[in-house]
Protein chains: 4
Amino acid sequence: GRERDLIFGTSYLNFSASYTDSSDDEVSPREKQQTNSKGSSNFCVKNIKQAEFGRREIEIAEQDMSALISLRKRAQGEKPLAGAKIVGCTHITAQTAVSGCLLGDPADSKGAPVLPGVAVFAWKGESEDDFWWCIDRCVNVDGWQANMILDDGGDLTHWVYKKYPSVFKKIRGIVEESVTGVHRLYQLSKAGKLCVPAMNVNDSVTKQKFDNLYCCRESILDGLKRTTDVMFGGKQVVVCGYGEVGKGCCAALKALGAIVYVTEIDPICALQACMDGFRVVKLSEVIRQVDVVITCTGNKNVVTREHLDRMKNSCIVCNMGHSNTEIDVTSLRMPELTWERVRSQVDHVIWPDGKRVVLLAEGRLLNLSCSTVPTFVLSITATTQALALIELYNAPEGRYKQDVYLLPKKMDEYVASLHLPSFDAHLTELTDDQAKYLGLNKNGPFKPNYYR
Amino acid sequence: GRERDLIFGTSYLNFSASYTDSSDDEVSPREKQQTNSKGSSNFCVKNIKQAEFGRREIEIAEQDMSALISLRKRAQGEKPLAGAKIVGCTHITAQTAVSGCLLGDPADSKGAPVLPGVAVFAWKGESEDDFWWCIDRCVNVDGWQANMILDDGGDLTHWVYKKYPSVFKKIRGIVEESVTGVHRLYQLSKAGKLCVPAMNVNDSVTKQKFDNLYCCRESILDGLKRTTDVMFGGKQVVVCGYGEVGKGCCAALKALGAIVYVTEIDPICALQACMDGFRVVKLSEVIRQVDVVITCTGNKNVVTREHLDRMKNSCIVCNMGHSNTEIDVTSLRMPELTWERVRSQVDHVIWPDGKRVVLLAEGRLLNLSCSTVPTFVLSITATTQALALIELYNAPEGRYKQDVYLLPKKMDEYVASLHLPSFDAHLTELTDDQAKYLGLNKNGPFKPNYYR
Amino acid sequence: GRERDLIFGTSYLNFSASYTDSSDDEVSPREKQQTNSKGSSNFCVKNIKQAEFGRREIEIAEQDMSALISLRKRAQGEKPLAGAKIVGCTHITAQTAVSGCLLGDPADSKGAPVLPGVAVFAWKGESEDDFWWCIDRCVNVDGWQANMILDDGGDLTHWVYKKYPSVFKKIRGIVEESVTGVHRLYQLSKAGKLCVPAMNVNDSVTKQKFDNLYCCRESILDGLKRTTDVMFGGKQVVVCGYGEVGKGCCAALKALGAIVYVTEIDPICALQACMDGFRVVKLSEVIRQVDVVITCTGNKNVVTREHLDRMKNSCIVCNMGHSNTEIDVTSLRMPELTWERVRSQVDHVIWPDGKRVVLLAEGRLLNLSCSTVPTFVLSITATTQALALIELYNAPEGRYKQDVYLLPKKMDEYVASLHLPSFDAHLTELTDDQAKYLGLNKNGPFKPNYYR
Amino acid sequence: GRERDLIFGTSYLNFSASYTDSSDDEVSPREKQQTNSKGSSNFCVKNIKQAEFGRREIEIAEQDMSALISLRKRAQGEKPLAGAKIVGCTHITAQTAVSGCLLGDPADSKGAPVLPGVAVFAWKGESEDDFWWCIDRCVNVDGWQANMILDDGGDLTHWVYKKYPSVFKKIRGIVEESVTGVHRLYQLSKAGKLCVPAMNVNDSVTKQKFDNLYCCRESILDGLKRTTDVMFGGKQVVVCGYGEVGKGCCAALKALGAIVYVTEIDPICALQACMDGFRVVKLSEVIRQVDVVITCTGNKNVVTREHLDRMKNSCIVCNMGHSNTEIDVTSLRMPELTWERVRSQVDHVIWPDGKRVVLLAEGRLLNLSCSTVPTFVLSITATTQALALIELYNAPEGRYKQDVYLLPKKMDEYVASLHLPSFDAHLTELTDDQAKYLGLNKNGPFKPNYYR
């Protein structure tokens, strides 16, 4: 029973693409008979033999997730999630494993494979069908019924809502991390069909800044370097979109000597780009001259076939945004163009005249496919998720209605404060006099809710 | 009549301190009989003979305020403020003059001094008594009654509310620019005493970013350089507060080779400081070693006598924040310390052992006292104010209640878009298909209201 | 005959460590019988089956080496190295392959393995004995005698000088790339034993800036990311040494939000570090607090066991400098410490109390072991080498004596100019009048020889 | 006698332009009878009444010149210049005054005006004729004969060489600071006419980096801000020349959000500009779009009338380079153009169609005319000059021949080390073992002579 306190599902996005690619000819994990060292078969992974390698990666990850560790320590005493039966769906990495351990019970974990105390159904290279199969296996377990949902994208929530309406009704709270999932929750709520309180952790300040601005500032460099070994100095780059992701990409590339252009639809973001030292152009103005094109828009068909036709030889094209349709890759799957896979995640698309465009990750998200996400960033996300689960699970009856809530500002600040020790950062405390002057509680919250 | 369509009052803050200081012995402008070249006496300034110099400064300012000029052009056709009788109180500079011309009617302006079409009561070096005298002269005019208030700090609003309640009741709208003024409006509203719709333009994204982040990024360097000629490279600097103002100061100083420490009370801002590459410390940890101390908190007594006692010789102390009490200057006005005025706005405070602390602007705001504000920033502010006036003045009955409103997102975006041409920035337009995909109107607004 | 026009040897440094590690149990390449598709056996590599993969990597590399390509085009017409029999020793990568093709004759290359027109003796995971065996096989070839040496480190030159003195005497020129090799040449010259003109290409401005400043600016980030996935933002880093390499590392880390300290022995470099915004400290002052330690000194035992004992848990230690002894790794190979290999090139050294220090590449050069060198940087090096070979080979009798020469300034400028088109950079030309005013030839050289 | 141990002349460049401009109608200082409080008339300044103001400025300057103060302390004990009779010519500011006090004898200074122990002939607004008159008064003094020359530009040296050949022959050493002066010394040396050893302090590393790179990084911002209040963010700027001055200007402007283009004639510098993230263009490519044009070339007519004709309205043009002819200002003094002086050092040049170009300092050096030079930079220069004087004056007979010498590397390092304490920078010392390994003396010099 206990072992299933937390059951992570999986996603058909290949989060961690850095190690090996799936070869096509092998047996599907679904067909394999799998048993871990403890005798349990309640999981499905690709290669249980790699558990030891996984354990080491988890240990490395722990070094940079001290906030989560310190929350875990506290949690062990208080057991704020005792009795919680959580079904989750997220990308599986060493870091989510640490997160999983936090929520499960480490005392149970000896000998358990990969994720102790946690049942995992996931492998790299899942088909869409596999993905839904895994989700269903997470939900539909004999003698066990989830009472909390931890989702990233809304697919799990949707599945439970549609297929297991009786389970759904008894859920005490949903914690949703993604833009898309949050959007779907608001729609459900508008339609009057959301019978469960849900916490939108996507829009917490801390998570936003780290998932987007700070994380992308590092992963854009990493993703480009690992795939193409490109030198940044002197390269002309156009970044489509100057939201938080675009800001992070632009800052990093400029800092390493690239010449960066920005495209924008929103005049406020465009003006910020100007003030930050970037020329704001239409894509067509610079498409002939740039060495790299990066999309960070959340929009679709931002880079069209017409743009691709006009790019110069060796131009690199990649997507750091939200959807997989920002680059119109479909328009490249035409008979007149030749595709050549030159490395993992790197295709040369070759025009009849010999021109090559270097397409990364087939237009899917570069930072998910070709770089690693810093453990610290995932620590922020995981801590936020954990606090949101705890908040919803322990809230007195009636505090949260059947609606979608933003993370309370004070908890947002708490997540931040848990991460300060790893920087050896020392907060200043208000004196009583100052607190009074400012009209603030000495323990926060310190800013209005809309502050970013 | 017309000449009074806009009447700017004044502030006892000396906004533009760059030229000459007032000598004490001269006759108060209030005592002088003043007449301009057009024969009008409806103004009170220091030296009407300097009108020509003022005109030139206005011309220089216009070069960088093209957004305002383009709005003025449009306004000339539509006359959206026809009939508006605006009483205002703000800092008077060449830039507010351009702004004044926008609201007044340039057709009337030939031969008028300083601010054509506008009556001005302001001079540099006003006493507090002068200040209230000027405000009263702006409001209390025979045969003329204001129907709009344009305020910066809430003093004018307060004066009208208290002294001229019957005028106050007929006001159609208040546009308030400052944090303090907005705070007072919300209090009035809470108390149920705000009988007029008011627009909080302080919290518009565009204004916030420019008044704080971008403006301070430039003015911290300018203010320090003009007063002390300090070299930034290698200097150790502590910046108290990492809000927008602190972020701007830190970015500029780091960019020019200073080593910057940050103090913060808010864990979210502290974490941002860490990620941006600044050590977050308590002031006492670094006070002995730093060369420059800058306050950007909005708080009081952030730098105490104890801190000042421990500073090293030649340490520079200044205030970029909000209140004039961030540095406890009162604690320095003690008999054991000698004050020596070494330049305008620069005092050496000398300890008995000979140690000197370099205090700028007697602890008042450095960017108001010792640097100029870029014209472009003022153009943003003025454009926002003008649009807010137009919006309130022309709104259909009932759209705005007796409450405080944020500037509608779409107008915020419009202000930004008016300023893009001066950067030769080219916005991208959504295709119909994309707009549909994103669920947005092609003309905006493009972001939710809480987006910063 | 022709196929041997250029014979590259190899180095026992594993230049390109990114793909797979050698397993210990396999047959040494020296034992294998190898034949390429053309029937030649005059080479020795690890796996001739990977020739196709190598070809693709070479094609990718070519995209960023257009300067070399354009020089190759010119060279094809003029054949400036006709008759040259070059023996070389360098790191073998896709990029040196492009360089090899430049010097060899591409017309010969059809069907040749890996490096067409070129005999290669090299594989990853060579022992020191293998290394000398490879060098000897390059020199000692029946019916072929080298008349030019292209060396990187001086080992090849030393081998020929010692073992084949009669060959050495007939060499027309030596081109040496490394600090060490140049040092050995100057010693030989001082001792009166250098009977051949040699070109020191290590000290050319272009190569220096790119190999050190610009290359390390990118590779420090890449090396740390690929091995540890560390987040740079907010990390405290100490960089030992502020020469060109240190400057590059510091600039990149600061740009991505790290807090960087510098140690220096030279007051001039220390002062530059101050002005660039870095605190200059002794290592012992910060060793307890830093998250990353990077050596860039060329010195030995810069990081001692005492320092290592005082580092905090999870501290990362790596070497970007010159020698492999900058970190005293020997002091870590003690029974009280446990080494755990957690990933390729990453060891956790574990203290009895559980503290872990993360040692990269066992203290060897990070940028050679754990990151790739941008193709563009190698293009600069290769172009410089090629021009130096051409210069020495074609110089009229007597222009170069038996001495060590710096690359003529004008050729240094020529290398730079060949690389400008890839940035779409447009040089300004002096007018006759201006050239006269400055006392310069319109075609350069434009700076004195000592200019850096 | 003593009072004349150091006699500074003057320069007709107005070094410190920050206070007041000369009015045309006043009496020339040459005509005035001047006596200081001590009764001496051996000086000629503009207004001896401002001695008190000058004293305060000197005190402020001392705060940032601690290296010089510490050298002065040492010098007071050793009196290394006892017997030296120095005639000098340089820009006169508070900082050179501190420098003067170093060389003169402060014990003599009570009551002396402006520069104690030093005779000064200089005032702001000198004509060229005045300039030569001042120089002559410095050299031609009854009963006193100079034996050392401290020059900046070579005019004093030239005057002594031509007019007082018998004095020239007895000079023990010349210390020359400027590019031009050094150039003239080398020409004299080539012509076999230099009968005195001379020290070229212009090319010391420390001075070069500070006078050019670091100083200009700060003064370009200061100069532009004080004259035009321009906002840097988003401005398009072209910087002509990417030597040390250009590098400093570009770095500062980019750091504050400007978009910077570079023009270059030297491919090596051009390549560096590319790698540092600047587009390298011909001036004509961007002249229509830029907001600011800055020359840093040392060349003439870099900005021609043709360029000026094509600039957009409000474009700012200024010169940070070497000569006063970098901008072809002569071409603007034509009847079709109107000049309007809008502020001190700021002219609007107005085209017939109304277009205004904003010309700063009439094309003379912006950093000399419109900004202050950080005291710290002048401390470096002055310390270097003082050490060079001491070295030449105390060198054993025969060490220095009748030639031009670079400052010995070790003294260059000494200057740097004297300036480290003001940054609280701590140098690392080599161990014996390390020194041996590197082949260095533990006290330096640490780098070869050509190292920059």
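These legends describe close-up views of a predicted model.

Residues are numbered from 1 along each chain as its sequence is written, while chains are lettered from A and ligands numbered from 1 in the order in which they are written. In this predicted model, local features need pLDDT of at least 70, side-chain atom pairs count only at pLDDT 80 or more, and totals for chains, interfaces and linings use all residues.

**View 1. Chain B against chain A.**
Here 43 residues of chain B are in contact with 43 residues of chain A (contact: C-beta atoms, placed from the backbone, within 7 Å). On the chain B side, α8 (205-228), α10 (267-275), α11 (283-286), α15 (409-419) and α16 (432-438) each supply at least two residues. Helices are DSSP runs of H or I with at least four residues, strands are E runs of at least two, and both are numbered from the N terminus. The largest share of this side, seven residues, comes from α10(B). By class, the side of chain B that touches chain A has 22 nonpolar, ten polar and eleven charged residues. Ala, Val, Leu, Ile, Met, Phe, Trp, Tyr, Cys and Pro count as nonpolar, Asp, Glu, Lys and Arg as charged, and the others, Gly among them, as polar.

**View 2. Symmetry of chains A and B.**
Chain B superposes on chain A by a rotation of 180 degrees with 0.1 Å of shift along its axis (RMSD 0.1 Å). The two copies are thus related as by a two-fold rotation axis. Superposition is by least squares on the C-alpha atoms of residues with pLDDT of at least 70 in both copies. Of the interface residues of chain B, 100% are also interface residues in chain A, so the copies meet through the same surface.

**View 3. Chain D against chain C.**
In this pair, 43 residues of chain D are in contact with 43 residues of chain C. Two or more residues each come from α8 (205-228), α10, α11 (283-286), α15 (409-419) and α16 (432-438) of chain D. α10(D) gives the most, with seven residues. The side of chain D that touches chain C divides into 22 nonpolar, ten polar and eleven charged residues. A rotation of 180 degrees with 0.0 Å of shift along its axis superposes chain D on chain C (RMSD 0.1 Å). For chain D, 100% of the interface residues are also interface residues in chain C, so the copies meet through the same surface.

**View 4. Helix α8 of chain C with helix α10 of chain D.**
The axes of α8(C) (residues 205-228) and α10(D) (residues 267-275) come within 10 Å and cross at roughly 15 degrees. Axes are lines fitted to C-alpha atoms, for helices over the stretch in contact, with angles from 0 to 180 degrees between N-to-C directions. The two helices are therefore roughly parallel to each other (angles under 35 degrees). α8(C) passes α10(D) in a right-handed crossing, meaning the near helix is turned clockwise from the far one by less than a right angle. C:Val205, C:Thr206, C:Lys209 and C:Tyr214 meet D:Ile268, D:Leu271, D:Gln272 and D:Met275.

**View 5. Helices α8 and α9 within chain B.**
The axes of α8(B) and α9(B) (residues 244-255) come within 7 Å and cross at roughly 35 degrees. This crossing is right-handed. Residues of α8(B), including B:Leu213, B:Arg217 and B:Ile220, meet residues of α9(B), among them B:Val245, B:Gly248 and B:Ala252. The contact has ten nonpolar, three polar and five charged residues.

Technical notes:
Parallel < 35°, antiparallel > 145°, perpendicular 65-115°, else oblique. Contact = placed C-beta atoms within 7 Å.
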